[in-house]
Amino acid sequence: MGLSRCLTLPILAFLVLLLSNYYIVVVLALQPWIGVPALLHALLFTLLNVMILISHGLAVLRDPGQVPANYSPDLETDQSTVLKGKERRFCEKCGLYKPARAHHCRICKRCILRMDHHCSWLNNCVGHRNYKAFLLLVFYLFLGCSYSLAIFGGSTLNNSSTYQFWKVMYGVCLVVGVLIFGSMQAWYAYLLVQNKTTIEFHQGKREGWIAVKAGQIYRHPYDLGLLANLINVLGPKTKYWLCPMSVGHIGSGLWSRTLSETHINNILADSS
């Protein structure tokens, strides 16, 4: 990904809003707070903004994962045939085979591994290699808006009544930010604990309906259980779960562990 991808209006607007909010909170809102409390809040808020910038930068600049040009799945073992019961998935637009969980992005004009969606605010797809960075970006933005609202509320109650209109407008913007990013955080937490992408959620609704019509019970094939789902995305070490740079565990993205494979491995482990 080239740096030229960063020079878009949504990305620049995001950075301007982030830096403006940092100035308002640290320089203006914390000004009446004297001593150690103000310093601690400034340090914590600075650290939070650093994590937002790192997560945002990785989500923008990191390639979400592209299907290799020489990818050709084995018909007997390819997950897309085993799970779907059909021929190997082939993308007519790319002219390439694509593994399970990969989808073609009409904006990026290529197939993305474990694609969730294309984000205009990032000018990038959210996929296999930058999914964790995107999740943490939403998480840190929710914390940042909530922290800003708390500091601003405390500062306003203890300050003069000047600039009331602008204070009200800023407070409203923070409340809207908390609601937006809180809703996004809840949505992606819901997907995370089931090891789903947004695309797979919508596909699952249709497949679930078909299963019910056939008198069967549908379960998402990549739902490995709560802890395994968290480890699959965030990593095996909990101390690195909130670190967007820690993605050494994600693998190539051409293959994903399924519920049936996990069940077979557990049976073999119990019998050994």
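**Rings, charges and burial**

Mentor: Arginine 114 lies over the face of tyrosine 131, at 4.5 Å from the ring centre. This is a predicted model, where local features need pLDDT of at least 70 and side-chain atom pairs count only at pLDDT 80 or more, while totals for chains, interfaces and linings use all residues. Residues are numbered from 1 along each chain as its sequence is written, and side-chain values use heavy atoms, with hydrogens and water left out.

Trainee: What makes a charge sit over a ring?

Mentor: NZ of Lys or CZ of Arg must be within 6 Å of the ring centre and within 35 degrees of the ring normal. Arginine 101 also has its charged end over a ring, that of tyrosine 222, 4.2 Å from the centre.

Trainee: Why is the pair of phenylalanine 45 and tyrosine 147 called edge-to-face?

Mentor: Rings of Phe, Tyr and Trp (its six-membered ring) pair if their centres lie within 6.5 Å; planes under 30 degrees apart count as stacked, over 60 as edge-to-face and the rest as tilted. Here the centres are 5.9 Å apart and the planes stand at 70°, so the pair is edge-to-face. Phenylalanine 45 belongs to helix 2 (residues 36-61) and tyrosine 147 to helix 4 (residues 131-157), so the pair ties together parts 102 residues apart in sequence. Helices here are DSSP runs (H or I, at least four residues), numbered from the N terminus.

Trainee: Which residues form a cluster through ring pairs?

Mentor: Tyr22, Phe45 and Tyr147 are linked that way.

Trainee: Why does phenylalanine 45 count as buried?

Mentor: Buried means under 20% relative accessible area, exposed over 50%, partly exposed in between (1.4 Å probe, protein chains only). Phenylalanine 45 has 1% relative accessibility, so the buried label applies.

Trainee: What is the geometry between phenylalanine 134 and tyrosine 188?

Mentor: Their aromatic pair is edge-to-face, with 5.2 Å centre to centre and 80° between the planes. Phenylalanine 134 is in helix 4 and tyrosine 188 in helix 5 (residues 164-193), 54 residues apart, so distant parts of the chain are linked. Phenylalanine 134 is buried because its relative accessibility is 4%, and tyrosine 188 is buried because its value is 9%.

Trainee: How do you know that leucine 230 is buried?

Mentor: Its relative accessible area is 16%, so leucine 230 falls in the buried class. Leucine 230 is placed in helix 7 (residues 226-234). Beyond neighbours within four places in sequence, leucine 230 contacts (heavy atoms within 4.5 Å) Leu192, Gly235 and Trp241.

Conventions:
Helices (H or I, at least four residues) and strands (E, at least two) are DSSP runs, numbered from the N terminus.
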